Amino acid sequence: MKSILLHTSDDTGFDSRLNIALDIARAHQAHITFLQPSIQIPPMAYAPTAGHFVADLNFGDMQEVERQFRAKIEAELGSEDIQWDWQVGLGDAARLMVEQSGLADLLILSQAPKKMTDDRDPQPIAGEVAIHAHAATLVVPTDAESFEAGKPIVVAWNGSKEASLAIRLTLPMMKLASSVHVVSVDEGLDLPNLDASAYLSRHNISSELHQLEGGKRNVAERIEEFANEKDASAIIMGAYGKSRLRETLMGGVTRDQIFKSKLPLILAH
């Protein structure tokens with residue numbers, strides 16, 4: 001993890017995702033790119049009625065707020081011993097994150113509430129970014145305070161290409177973890193798939209394989225319960241864009257976890 005792309009916006013989740021980004025950057029000696037979406041718009045002609053609407057928005061004041069936020073964060077970064085740069089992009093935050101993900105190892109953004117009640121709530125972009133980005137996406141709960149790279153990591157595994165990609169993209173994080181737990185949920189399947197553990201062993205990463213009982217329990221809750229039992233730093237899983245004919249582990253689990261997980265969630269599609 002040498003290149004981190006951080007969604008940079010003055011919302012209630014920024015402090016938590018900044019702290020997590022700094023912790024990961026220190027652990028991996030990584031570079032952070034602060035990507036700040038801007039409301040700046042190019043000059044254009046408006047119809048008379050639209051002109052009143054645009055004038056009421058007062059873009060000048062909005063841009064000044066953005067500049068003040070950047071100045072505040074840059075001042076704070078002066079005491080941090082990490083490499084970083086700042087980029088400003090025009091347009092939608094999710095699109096900008098995806099566009100800039102090509103040469104990033106990890107994207108970091110915040111968990112959004114299922115229903116936004118405050119203008120400063122984090123934007124609900126995690127699902128779209130995780131599905132379309134070319135890097136692993138770390139979804140940070142807004143109350144997260146730190147990320148301990150040396151803690152255990154839990155991998156939700158069902159043998160899919162999405163889960164496989166999630167493992168490949170997060171190998172550097174698993175190498176620093178004190179233990180790696182590969183978890184499958186038993187929903188009437190055969191013996192657990194051993195491919196993930198075999199792959200990890202070739203990268204000198206030891207892992208423990210666990211087959212959890214599914215039953216009537218919510219799969220997402222069962223995975224998170226297990227992760228909490230292991231005092232894990234994060235849960236790694238594949239991200240699905242739509243339902244599948246045979247959903248064995250992820251599908252709805254991804255959607256549940258994006259909004260509800262109390263632990264940092266690392267996704268890949």
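How many contacts beyond four places in sequence does the model have for residues 243-251, where pLDDT stays under 50? I found 23 for that stretch, taking a contact as heavy atoms within 4.5 Å and pLDDT as the predictor's confidence in each residue, from 0 to 100.

**Ground rules.** I note that this is a predicted model, in which local features need pLDDT of at least 70 and side-chain atom pairs count only at pLDDT 80 or more, while totals for chains, interfaces and linings use all residues. Residues are numbered from 1 along each chain as its sequence is written, and side-chain values use heavy atoms, with hydrogens and water left out.

**Confidence.** I looked up the chain average, which is a pLDDT of 87, with 83% of the residues scoring at least 70. Residues 42-47 also stay under 50, and for them the model has 3 contacts beyond four places in sequence.

A pocket here is an open set of points on a 1 Å grid over the protein atoms alone, where a 1.4 Å probe fits and protein lies on both sides within 12 Å along at least five of seven lines; lining residues have an atom within 4 Å of a point. I listed 19 lining residues, of which Ser9, Asp10, Asp11, Glu66 and Gln123 lie nearest the centre. Helix H3 (59-77) and strand S2 (31-38) each supply at least two residues of the lining, and H3 gives the most, with 4; helices (H or I, at least four residues) and strands (E, at least two) are DSSP runs, numbered from the N terminus. The lining divides into 7 nonpolar, 6 polar and 6 charged residues, where Ala, Val, Leu, Ile, Met, Phe, Trp, Tyr, Cys and Pro count as nonpolar, Asp, Glu, Lys and Arg as charged, and the others, Gly among them, as polar.

**Salt bridges.** I found 11 in the structure, each defined as a side-chain nitrogen of Lys or Arg within 4 Å of a carboxyl oxygen of Asp or Glu. Arginine 120 pairs with aspartate 10, the closest N and O atoms being 3.0 Å apart. This pair links distant parts of the chain, 110 residues apart, with arginine 120 in the loop between strand S4 (106-110) and helix H5 (126-132) and aspartate 10 in the loop between strand S1 (3-7) and helix H1 (14-28). Arginine 120 is partly exposed at 38% relative accessible area, as is aspartate 10 at 41%; buried means under 20%, exposed over 50%, and partly exposed in between (1.4 Å probe, protein chains only).

Within H3, arginine 70 bridges to glutamate 74 at 2.9 Å between the closest N and O atoms, and because these two are 4 residues apart in the helix, about one helical turn separates them.

Lysine 151 forms a salt bridge with aspartate 231, the closest N and O atoms being 3.1 Å apart.

**A buried threonine.** I checked threonine 137 in strand S5 (residues 136-140), which is buried with a relative accessible area of 0%. Not counting residues up to four places away in sequence, threonine 137 touches Leu107, Leu109, Val129, Ala130, Leu265, Ile266 and Leu267.
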